[in-house]
Structures are given as C-alpha cells and as structure tokens.
Amino acid sequence: MEGDGSDSLVTIKNIERELICPACKELFTHPLILPCQHSICHKCVKELLLTHDDSFNDVGSDNSNQSSPRLRLPSPSMDKIDRISRPGWKRGSLTPRTTTFPCPGCEHDVDLGERGINGLFRNFTLETIVERYRQAARAATAIMCDLCKPPPQESTKSCMDCSASYCNECFKIYHPWGTVKAQHEYVGPTTNFRPKILMCPEHETERINMYCELCRRPVCHLCKLGGNHSNHRVTTMSSAYKTLKEKLSKDIDYLIGKESQVKSQISELNLLMKETECNGERAKEEAITHFEKLFEILEERKSSVLKAIDASKKLRLDKFQTQVEEYQGLLENSGLVGYAQEVLKETDQSCFVQTAKQLHLRIQKATESLKSFRPAAQTSFEDYVVNTSKQTELLGELSFFSSGIDVPEINEEQSKVYNNALINWYHPEKDKVDSYVLEYRKINRDEEMLSWSEIEVCGTSKVISDLESNCNYAFRVRAYKGSICSPCSRELILHTPPAPVFSFLFDEKCGYNNEHLLLNLKRDRVESRAGFNLLLAAERIQVGYYTSLDYIIGDVGITKGKHFWAFRVEPYSYLVKAGVASSDKLQEWLRSPRDAVSPRYEQDSGHDSGSEDACFDSSQPFTLVAIGMKKFFIPKSATSANEPENRVLPMPTSIGVFLDYDKGRVAFYDMDHMKCLYERQVDCSHTMYPAFALMGSGGIQLEEHITAKYLEYQEHM
C-alpha cells in the first residue's frame, strides 16, 4: 500500500500543468466550469467580466480619484456595482443584455446567460485534485486537529459532514458510538471540504439528479420540467456516470497503449527543435551578413562625405587666411602700408616716381576693398547636409523578402487617447492572420523617443492603460501569421490630456429642473425639452423678455489639483454652455430667485460688454463658454470686441475642459486634436463643480470613459 501511495504522489506531481488556471496561471482556487467545459477560478471570472465590460473605460480616472479630495452626494457606486453583478445589465444599454467574455482556455466567447456567475457549477472534482496536489507538494506539512486544546495534535482523519479535521482522541469524543455523528463520512486528513450533495445553481433547493445530453451538464428535475432544458434529452445521473466513466476509461487505456508512439513522436519533436535552433542561428548569421554589408556601404559613404566636407573646409580656410594676410598688410608699420612709408622716404624724384606709380595703384585697390568688404568664402555648409529621409523611411520598412501579409493600417478617426488609448486598425486579411502586435512609446518634449512597448492582440483594436498626462505617444501595429510577420504600419501620434481624467455624473438634485431637462437613468446624458413649455409660457413673453437657461452641475466637487473631463454636444443643439461653477456663489445663486424680467440678471441678455460685464460676471457662480448651432463661441474680450468672426469656430466633435484649481485657470480643448481653444482665469477659492446650461433644443453626453469610474469593481469585492 505504501508503494501505491508514493506512486500516486508522483502521479499527482506530474499533472501540475493540468491544475493551472488559464487566466491567472496559478493553481485553481474555487474553479467554475464554463459552458465550453473549461474551468477557471471564481475570482478570474469576475475580473474577466469587468475587463471585457469596461474595455476602454475602466482606468481613466484613477489618478484623479487618488489625488483629489472631492465632495460627493450619496454615492451610487455600490448600486452600480450590484447592477453589473446582477444578470442581464450591461453598461451602455438600458435593456437587459447577456454578459459574454472570451474563455482564456479556448478563446471562444462564453455566454453566461441570465444568471451570470451564479449559473456556473463549481468543479469539486478539480478542487479535490488540486488539494491532493498541494498536500503532495507540502508532504512534510501536517494538517493539525481543529478541536484540540493548545498545542494541537496532528490530525488523522477529516469529517466531511462536520468540515473539520480531528486527531484520534478528538474524533472519539465528538463522534461517539451510538450517536448520529458516528455515521458521518470521514476521510484522511484534508483541508478540502465539499458538499455531499450537488445542488442546482438555478434551483438552489433542488439536488442534481439528471444529465442533459444536449448541454452536457448536470440538471435537476425542475430544469427538465419547466426550465431551460424542458425540450432537451436528459438521462439519469447513474447512467451518465456509467457512460462517461466507460468512455474516459477507454480513452485512457487507448493513450496508455500508444505510449511507445507518443515517445517516438516526442523524440521527433526534440529533433525538430534542434533543427529549428540550427536554422534560426543560420538565419541570424545571414541577417547579420546583410546588415554588415549595409554598414560597409554606409561607412564608405560616410568616409566619402566627410572627405568632401574636409576638402571644402580647407579650401575656404585657405582663402580666409590669404584675405587676413592681405588685410594685415594694411595696418601701420606692416605689409603694404609699411612698405609705402619706406617709399615716402625716397628723396630722388625719378626713383620715387618710378616706384610710387605701381604702389599707388595697389593702395587704391586696397582702399576700394575696405569700402566694399566681402569675405573670400562662405561659412555655411548647407549644401553639404546629407538628405537621408528617403533612406530612413526605406530602412524603417526593412523586412523579409516577401512575408505574404499585407500591412495593417491604423484608423485615425476611430483611435483616440485620454488616460487610456483606444487604437483601432484595419486589415484586409484579418481572417487569415493569427494575431497582431501593437507597439507604443512615449515621445519626450525634445522629440526623443523611448523604446517600444509591445502588446499581443487577437482582434483589430486594443485599449492601452496608464498613459502619462500631457504627453505625445506613437503607435504602430504589425500582423503575424504563424512565425511570419508583416512590416509595421505607419505611426500614429496622439497627445494625452493635460491632466488626469476627472469622473462624475450629472447631479439630479442641485439646480436640476426636471420640467425643462430630461436626465437618463445613468445620469451621463441630459437633454433640453424645448418647445412645449415655451409655448405654454408664450403669452407671458413680451419684447425685451429673455428665456432663462436651465442649469445642471456635476455631482462631484474639486478642491485641489489638475483635472480634465470631456463631453459631446449634439449637433442639433441651439444653445449649450459648459464650464465650472463655484460652490459658495452656487448656493447663494440658487437660494435667491432670479429676476426673469430684467436682462440684468441673465447671462445671455446681450449685456456683456463694458464695466457692467465685469461686475455681472463676478456676481455669477458660472464660468462658461457657449456652444450651439454647430459653432463654438469664444467669450468677448478687450482685444476681440470688434472682431466677432474671430470668436466663432466650428464645433468640435468632443470638447474637453481642463481645470487647474491651484493656479485658478480653466481651459477648453478640441479633443480631436487636443488643442486649447480658450483659456481664462477663474476664482477657485471654494469647491468647483463641472457646470452645464441648456436653452432650446439640445443635448449633452458625458464621454463614457468619464462616467465609467462609478461602475468599477472594488478590489475587496
């Protein structure tokens, strides 16, 4: 028996590979059986659901959340998390939708159905095997008795009914003969306790007693009578047990009978590995040879270019030196002037005239050169700049002769970046390739590029998280088919926002007018109900009266740091304003009724110039810009008061707001190009809130990556 025990331990150790979760790459912990029959840890299923559900929108506001203390109304976070846990709810949709995610084992989409995780069976058999493996791996570590007084004794058996381990003495005490407990089932010492009866996950009070042959899973009688398996063919559990055990035994016997064949194929694979190693080294040597030839050509061209530059430099320096010597001769007591002074000492008139004539011509020439000074040569070597742009591009595309794979192309319109980057690409042969590799790197302010980071992707899009704020990033992608890869796509340069993403939802309590505004259930979209209410009040509207804006703010305040958020304005919007609001002025402004008769208290009255404007602006809680009629309007300033055409810009697809609380600055960005459209000073002495206002038909949609923070799972859950 001891021999059998040691053999079983060796066998257990040899199957470690089968006991590793395909998601976390660790030993299974509470494994669940997926509909595709692969097993995965319970915690890994939750993480996969969150990752797949939030894809692009999860991580955007982490930095902002950690760095800024915020004022929050009763938080809906837990409620939103519960909605994700409950079956049928999917962010981005108001109707129930089944949650799916790719299985890490087979990469096929797994549909969890309406019950979600609650509809999955725990794989108790796998749990037991993992526990046996753990015990085999730590055979020297004994399982101690749970009931002994300190110090506890080593346990000799475990009770499956009591879910506890006992030494011999304690077992006799707690399981005395002649009692019900004496009939309990006990096994050798273990820490893995599982229920004696498997219960149905859909009908929690019913035990499993049948097997659905169509779905290949255990079911209860209620599942067959009126549940999802009512029209399916089922068999008894004992029959299924017998059939599956026979099949599994036959399969194992077949594999054992083919052991010699398996060993020969392993030997063949080892030879192929050695051959691959040799061929790979040979290919590397050939590639090195080709590159060395390129290096030789470059070195030769480099030497030739440097010689040409040196020759030109020497010629120019010689000309300058000759010119310097000529000009030095014009100095007193040296060269031409010195010689002329000596000639002037000649007293014989005939001899003087004979010499002075030629000397006079030389001095005249020198005098003219002083009047029109021109260097003898050029200092610039701009004609000697080597143009390597074409060669650089060709070298960048350097690849194997013909990979047979087209180059992927990044879709600039569908790719965007915030704290996360969503990169989409197009590939005509996407059904023929195995995977893609997305590369990205940060570009420093001095245009220096760091090394590339790589991510393997199965589809044609990928979210990259944890990018730094206010930085340029370069992205490129290449396709793989087997061991062959395509050349890299052209690089796409994107700029991240100037600050961490700030997450909030619309506040349905503070300043929200539900008669004029319509807020969706997720509180990330608001629409203005224009028309009907205005018609009802039409008889009160006279010349000189102005309709008021309807205001709504964010439910989270900012008290320090830099923050960034983004939103979209619907193209049909008549007038939308966006910016920030101060808490102290906001409370005062909401408590005191506004005078709708006088345009003095209305921002859109047209009284926006002169000293009155400054006084009016300081009395308001809002610092806003106007968007509407597919235009973006820059507020009036002293320099642009008479140039209205310079203040009207096309409305961006998405608008970003950057608030630097510490410096008291607010800026508005075109998100398509991350370009600042307008910036101004703002009083940040109190808590600041994102603020919006609508008049007439209009709609505002917060970007999804802003609102997703409320839907994150907490780590302790």
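Visitor: Which residue forms a salt bridge with Arg-525?
Guide: The partner of Arg-525 is Glu-570, with the closest N and O atoms 2.8 Å apart. A salt bridge here is a side-chain nitrogen of Lys or Arg within 4 Å of a carboxyl oxygen of Asp or Glu. Please note that this is a predicted model, in which local features need pLDDT of at least 70 and side-chain atom pairs count only at pLDDT 80 or more, while totals for chains, interfaces and linings use all residues. Residues are numbered from 1 along each chain as its sequence is written, and side-chain values use heavy atoms, with hydrogens and water left out.

Visitor: Where do Arg-525 and Glu-570 lie?
Guide: Arg-525 is in strand β22 (residues 525-528) and Glu-570 is in the loop between β24 (562-569) and β25 (575-582), so the pair ties together parts that are 45 residues apart in sequence. Helices (H or I, at least four residues) and strands (E, at least two) are DSSP runs, numbered from the N terminus.

Visitor: Is Arg-525 buried or exposed?
Guide: Arg-525 counts as buried because its relative accessibility is 18%. Buried means under 20% relative accessible area, exposed means over 50%, and partly exposed is in between (1.4 Å probe, protein chains only).

Visitor: How many salt bridges does the structure hold?
Guide: The structure holds 20 salt bridges. One of them joins the side chains of Glu-439 and Arg-476, at 2.4 Å from N to O. This pair links distant parts of the chain, with Glu-439 in strand β15 (residues 435-443) and Arg-476 in strand β18 (residues 472-481), 37 residues apart. Both Glu-439 and Arg-476 are buried.

Visitor: And which ring does the charged end of Arg-476 sit over?
Guide: The charged end of Arg-476 sits over the ring of Trp-452, 4.0 Å from the ring centre. The criterion is that NZ of Lys or CZ of Arg is within 6 Å of the ring centre and within 35 degrees of the ring normal.

Visitor: Let us turn to β24. Which strands is β24 joined to?
Guide: Six bridges join β24 to strand β29 (residues 655-660), and the two run antiparallel. Three bridges join β24 to strand β33 (residues 698-702), again antiparallel. Two strands pair if DSSP finds at least two bridges between them. Phe-564 stands opposite Phe-658 in β29, and Phe-567 stands opposite Leu-702 in β33.

Visitor: How many of the eight residues of β24 are buried?
Guide: Six of the eight are buried, and β24 is thus mostly covered.

Visitor: What about aromatic pairs?
Guide: The structure holds 15 aromatic pairs. Rings of Phe, Tyr and Trp (its six-membered ring) pair if their centres lie within 6.5 Å; planes under 30 degrees apart count as stacked, over 60 as edge-to-face and the rest as tilted. The rings of Tyr-166 and Phe-171 have centres 5.9 Å apart and planes at 75°, so this pair is edge-to-face. Both Tyr-166 and Phe-171 are buried.

Visitor: Why is the pair of Phe-502 and Trp-565 tilted?
Guide: The pair is tilted because the planes of the rings of Phe-502 and Trp-565 are at 55°, with the centres 5.8 Å apart. Phe-502 lies in the loop between β20 (492-495) and β21 (517-519) and Trp-565 in strand β24, so the pair ties together parts that are 63 residues apart in sequence. Phe-502 is buried, with a relative accessible area of 0%.
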